[in-house]
Structures are given as C-alpha cells and as structure tokens.
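Hello,

Here is the structure I promised you. Please open it next to this email and follow along.

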Amino acid sequence: MKSVLVTGGAGFIGSNFIHWLLKHDPEVRIVNLDALTYAGSLENLRDLPDESRHTFVQGSITDRELIDRIFAEHKIDTVVHFAAESHVDRSIHNPGVFVDTNVVGTFTLLEAARRFWLVEKTHPIEAVRFHHVSTDEVFGTLAPHEPPFEEDTSYAPRSPYAASKASSDHFVRAYNTTYGLPITISNCSNNYGPRQFPEKLIPLMVLNAVNGRPLPVYGDGMQIRDWLYVDDHCEAIWKVATKGRVGETYCVGGDNQPPNIEIVKTICSILDELQPDSEFTPHEQLITYVQDRPGHDRRYDIRIDKIHEELGWQPSHDLAQGLLDTVKWYLDNPEWIEAITKQSDLNTWMKKNYGERKA
Ligand code: NAD
Ligand code: DAU
C-alpha cells in the first residue's frame, strides 16, 4: 500500500482527487491535511468510496511539528500537494496569506520530505515522490497569436496568486536539483466541476443565475481560459505522480479556449432548458459587465502533448457535456450550497469584491 499525504484535500480539486483516488486505486491509504479555511469543508468529504482508507487531520501546512508527526506516524511515501490560497481576486485584496500558505507552506512540506526521505532515509528513494499541483497562471498572459504555454515556457506571473505559485514551483524544482528530492510538478488550466467554492466563475454564475442575481462579467468578457473537468485533472495528477519522470513538469489542460462570455452564455442557456418556467428565463438578461480585475490575464492556452505522449493522458470530458453535468450537480445539491454558504465568508466576500465594482 502507498501511504499518501494529500494536502488541501477538503478543497475543490483536493476533495475530488480523494474521491477519485479511493475509487480508482485500492492500493493507497490517504492522510488528508487541511486547515479548513473558508475554501475547505468536510461537506466535500461526505460519501467517500472507502472511508477506512482516509484519515482527516485538521491543521496547516506551515506547522512543521504537525507535518513531522504525520510523516512519522503514517510512514508517508507520497505527497500530493494541493493546499493553497487559490483565488486571484482574493490575492489582490490580501496578498500576504498567499505568501504564507503557498510559499512558506510548500517550503515547510519540502523540508519535512527532505528530512524523512533524504536524511533519515525512511524509504528507498525510488519509492517516494513529492507531487506539486500547480497552475498555468505561472506563465503569465498570451497575446492573440502567441503559441500555447508548454513545459519550458518562461515564468511570467502577474497576480500575487500567480507569483506565489511560481515561487513555490521554483522551490520544488530547487529541492530536486540541489538535494535530489524526487519531485514532479503539473501545471494545469482552469478546473470546473462539483464542489467548487462559489467564488469562482462557473459556480458563481450558476448560483447567481438561479437566484436572479446579476452575472458579473469582468471587463469585456473576452478573456480566454482553457477549461478542464476536475476528474480529468485528478487522473492526470495521479499518472504524473506515479508514472511521470522524476524532476519533470507536465502541462495539463482541456484543449479548448472559449472566451468567458461564451461560458456565461452557455450556463444561461443550460438553465433556460432545465428551468424553462423560472421567472429569470432567459437568464442572459442577468449578464452585467462590471469593472475589470486589475492586471487581468487576457488569454491562456496550454499544450498537452508531453503528458499525452509520455503517459497516455488526454481529457475525456468535453466542455459542453462537462458544463451540463456541472450545472446539474449544483442544482441537485442545495444542501451543499447552504452548508458552504453558512460555514464560509462567502456573503462578506461578495460584498467586498463586487460591492464597489462599477457596472
Ligand atoms: P481551493 O481553494 O478550493 O482549496 C484549497 C484547500 O487548501 C482548502 O481546502 C483549504 O482549506 C486548504 N488550505 C488553505 N490553506 C491551507 C493551509 N495553510 N494548510 C492546509 N490546508 C490549507 O483550491 P483548488 O481550486 O482546489 O486548488 C487546489 C490546488 O490546485 C491549488 O494549489 C491551486 O493552485 C491548484 N490549481 C487550481 C486550479 C483551479 O482551476 N482551481 C487549476 C490549476 C491548479
Ligand atoms: O488557470 C488556472 C487557475 O484558474 C487556477 O490556478 C486558479 O486557482 C483558479 O482560481 C483559476 O483562476 P482564474 O482567475 O482564471 O479563475 P476565476 O474562476 O476566478 O475566473 C475565471 C475567469 O472569469 C477570469 O478571466 C476572470 C473571470 N471572472 C471571474 C469572476 C469570479 C469574471 O468575469 N467574473 C467573476 O465574477
């Protein structure tokens, strides 16, 4: 059995990863370390495929003593590191916590892995792996005709969030080149799917539309993202962590580049179909263009040839079907929405981020 430390496993991708991994790999035990910030919730860990192979620990990745204890008690041989502050808009309002969690937290985990795996040699070196989950935002923004990001694209982060992720990537790589820590990194595009905290574009638009609230599109809505269904990302991460070459980076994406306004309009037409009698149909009437995000990256596009050729991975959900399934999931899970809204600072955040944005 592998003994896997998943950090941030009560958040969006981390919790989907734990559901996915328990279902797809009977040979793993998981310790899930999560601080349960506003973005993490035990609601995301209900109905796991096999509870007996999952242990939850509430705590911070900046707590070195706690991490050492987890490594020692659970004989951790694999780290899959998701825990982070993940929202660009929050990083604009409050960048400090992004440095603490994303940079110092990653460094703290690396130091623990170095001590146990390289100094104390708790496992044969071929049996350990530190996988760092990163983002395409480290590469910056693309002009209309620039080629897609790939593994050796220079880093050019533009938001405090992206800068903190870029910094953490550099530390992870440095621990490989300097100490020989067996690491891999995946840089992925925008994820969507069940259990995403409703501050992010897709769940925010679904919930606002259902409730007849304005749909706040930043700037002209022509910014381009690449979208990947979260389960496809989970599969890619596990392939890279278990079969990827040590020291390597793999780009991951959905191979699509719709402008934001197209995503918002698609959500509106899905809701028109699913809720034809709603007083808010047609939902497009709710679209409101608002003041843009400062430093807003204009376009992302990412090449996935390396992970496809080396590891045989490619996305299996297309965007139209994935969006339909996602909208249905939010409509079918009102208790989740209620619990998440109650537990978190969502309402305060909405006022802070949108209250003063001019239309
Ligand atoms: P999220 O915000 O939904 O979840 C983050 C989780 O980390 C939460 O459960 C939170 O409680 C936990 N956490 C925060 N600070 C912590 C700390 N100090 N100690 C322990 N736990 C802490 O984020 P997400 O969208 O699931 O993203 C997960 C990872 O994937 C991040 O590293 C992010 O940079 C990366 N990523 C996200 C996307 C995306 O589209 N969401 C795309 C590419 C990469
Ligand atoms: O590219 C990967 C990144 O994708 C991850 O690293 C981040 O953790 C994740 O949050 C996401 O970042 P984005 O900033 O792209 O995601 P967000 O959902 O916040 O916004 C998606 C796009 O929609 C972006 O161009 C901004 C725009 N937007 C967002 C919100 C919340 C709006 O137009 N209106 C909104 O209210």
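Arg293 is buried, because its relative accessible area is 15% (buried means under 20%, exposed over 50%, partly exposed in between, with a 1.4 Å probe and protein chains only). Arg293 sits in the loop between strand 11 and helix 9 (305-311). Helices (H or I, at least four residues) and strands (E, at least two) are DSSP runs, numbered from the N terminus. The side chain of Arg293 makes a polar contact of 2.7 Å with that of Asp89. A polar contact is a pair of N or O atoms within 3.5 Å; within protein, one must be able to donate a hydrogen and the other to accept it, and residues adjacent in sequence count only if both atoms are side-chain atoms. Leaving out residues up to four places away in sequence, Arg293 touches His87, Val88, Asp89, Ile92, Tyr218, Arg225 and Arg357 (contact means heavy atoms within 4.5 Å).

A word on the source. This is a predicted model: local features need pLDDT of at least 70, side-chain atom pairs count only at pLDDT 80 or more, and totals for chains, interfaces and linings use all residues. Residues are numbered from 1 along each chain as its sequence is written, chains are lettered from A and ligands numbered from 1 in the order in which they are written, and side-chain values use heavy atoms, without hydrogens and water.

Now the ligand. Around ligand 1 there are 28 residues, and the closest are Ile13, Asp34, Ser86, Tyr161 and Lys165 (a residue counts if one of its heavy atoms lies within 4 Å). Strand 5 gives the most to this shell, with 3 residues. A polar backbone atom of Gly11 is 2.9 Å from an oxygen atom of ligand 1. For Phe12, a backbone N or O atom lies 3.1 Å from an oxygen atom of the ligand. A polar backbone atom of Ala35 is 3.1 Å from a nitrogen atom of ligand 1.

Last, the core. The largest nonpolar core has 36 residues; Tyr192, Ile202, Leu215, Ile263, Ile267 and Leu323 touch the most other members. Such a core is a set of buried Ala, Val, Leu, Ile, Met, Phe, Trp, Tyr and Cys residues joined through side-chain atoms within 4.5 Å. Helix 8 gives the most to this core, with 7 residues. Another core lies apart from it, with 26 residues, among them Val31, Ile76, Val79 and Ala112.

Best wishes
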